[in-house]
Amino acid sequence: MMKPIEIWVTSAGPNGWKPVIILEELRLTYKLKQMHWEQLMAPEFRKINPGGKVPTMYDPNTDLLLWESGAIILYLISQYDTEGNLTYNTFKEKHLLSQWLMFQMSQQGPMYGQIGWFNVLHPEKVPSAIERYTKQCERILRILNDALEGRQWLVGGKCTYVDLSFFMWHIVLPLSMLCPPGQTPLVKYPNVLAWHERMNERDSVKKTIAERQRAMDSDGLGGNGLPDDFSVEDLNMKMDKDLEQSGR
């Protein structure tokens, strides 16, 4: 009997939920270990993940502890997608999947994260940084929009782990780019918007979004992933204190 796979996440951050979608797609049993920001800096967690980041995964079925979202996704696909429902094993498609996963990890995640930092979390406005990362996000969206022209998925004719790896960062992008409530920057990129909406209809995605919302509710976070009494100044003071205490 398969033992539950343990996966460490924070409630609002998008990165930790990427492999959760894959776990849901593969119908694997898993156990969420919800972390608060200050716990990531604690020595106990850094013994598990020296970078103090989520997601982190432990699979008791293979005794493998793994961190970095892309590495976790690749492991889950290699180990458990035995029927190839979310992947391809043909020569060209296999390498194209790797290409797009590297693009998500090196471009989408970091650039979307930076615009979120400078628009929402940085203690002072830095117009040059905001302009740079806004343009970077738009560049990434143009690349995706062009790649999806005339097709539904990035590789082949089905939804793969690569498509799903992009989803969560597009959930938080409206907040990161300071869009008015109910609006999204994806409307300027119709192929990306349609692609995002196709994934949004999948049961795995719906379950993951619902699980994330429950986690945010338990942390007292609003729909934007921030507490009602959020203060950038208080957050940065707390981060500096936690980093100092952690010895980093």
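A salt bridge, as I use the term today, is a side-chain nitrogen of Lys or Arg within 4 Å of a carboxyl oxygen of Asp or Glu. Keep that cut-off in mind, because the 4 Å limit decides which pairs I may call salt bridges. The structure above is a predicted model, and the values I quote are computed from it.

Let me start with the whole chain. The protein chain has eleven helices and four strands. Its radius of gyration is 18 Å, close to the 18 Å that the globule rule gives for 248 residues, so the chain is as compact as a globular protein of that length. Along the principal axes, the C-alpha atoms fill a box of roughly 50 × 45 × 30 Å. Of the 248 residues, 46% are buried.

Strand 1 covers residues 5–10 and strand 2 covers residues 30–35. These two run parallel and are joined by six bridges. Between them comes helix 1, residues 18–25, and strand 1, helix 1 and strand 2 together make a right-handed β-α-β unit.

Strand 1 also pairs with strand 3, residues 56–59; here the two run antiparallel, with three bridges. Strand 3 in turn pairs with strand 4, residues 64–67, again antiparallel, through four bridges.

Which residue is the bridge partner of glutamate 6 in strand 2? That is lysine 31. In strand 3, the bridge partner of glutamate 6 is tyrosine 58. Tyrosine 58 then has leucine 65 as its bridge partner in strand 4.

Is lysine 33 buried, partly exposed or exposed? Its relative accessibility is 28%, so lysine 33 counts as partly exposed.

How many salt bridges does the rule give in total? The count comes to six. I will show two others.

One joins lysine 188 to glutamate 138, with 3.8 Å between the closest N and O atoms. This pair also links distant parts of the chain: lysine 188 is in the loop between helix 8 (167–176) and helix 9 (190–200), glutamate 138 is in helix 6 (residues 127–147), and they are 50 residues apart. Lysine 188 is exposed, because its relative accessible area is 57%. Glutamate 138, at 23%, is partly exposed.

The other is between the side chains of glutamate 201 and lysine 206, at 3.7 Å from N to O. With 53% relative accessibility, glutamate 201 counts as exposed, whereas lysine 206 is partly exposed at 41%.

From charged side chains to nonpolar ones. Leu74, Met102 and Met105 make a nonpolar surface patch of about 230 Å². Methionine 105 is in helix 5, residues 91–121. With a relative accessible area of 31%, methionine 105 is partly exposed.

Last, some backbone details. Arginine 27 has a positive phi of about 55°, although it is not a glycine. Where is arginine 27 placed? You will find arginine 27 in the loop between helix 1 and strand 2. Arginine 27 counts as exposed, because its relative accessibility is 78%.

Aspartate 63 is another non-glycine residue with a positive phi of about 55°. It belongs to the hairpin of strand 3 and strand 4, which has four residues between the strands. Aspartate 63 is exposed as well, with a relative accessibility of 57%.

Finally, look at the peptide bond from valine 54 to proline 55. That bond is cis, with omega near 5°. Proline 55 lies in the loop between helix 3 (43–46) and strand 3.

Technical notes
Residues numbered from 1 in each chain as written. Predicted model: local features only at pLDDT ≥ 70, side-chain atom pairs only at ≥ 80, totals over all residues. Heavy atoms only, no water. Buried < 20%, exposed > 50% of the residue type's maximum accessible area, 1.4 Å probe, protein only. Patch = residues over 30% accessible without salt bridge, like charges linked within 9 Å, V, L, I, M, F, W, Y side chains within 5 Å. Areas by Shrake-Rupley, 256 points an atom, 1.4 Å probe, with all protein chains shown as cover. Pairing = 2+ DSSP bridges. Right-handed = clockwise from strand over helix to strand, strands pointing away. Rg over C-alpha atoms; globule rule 2.2 N^0.38 Å.
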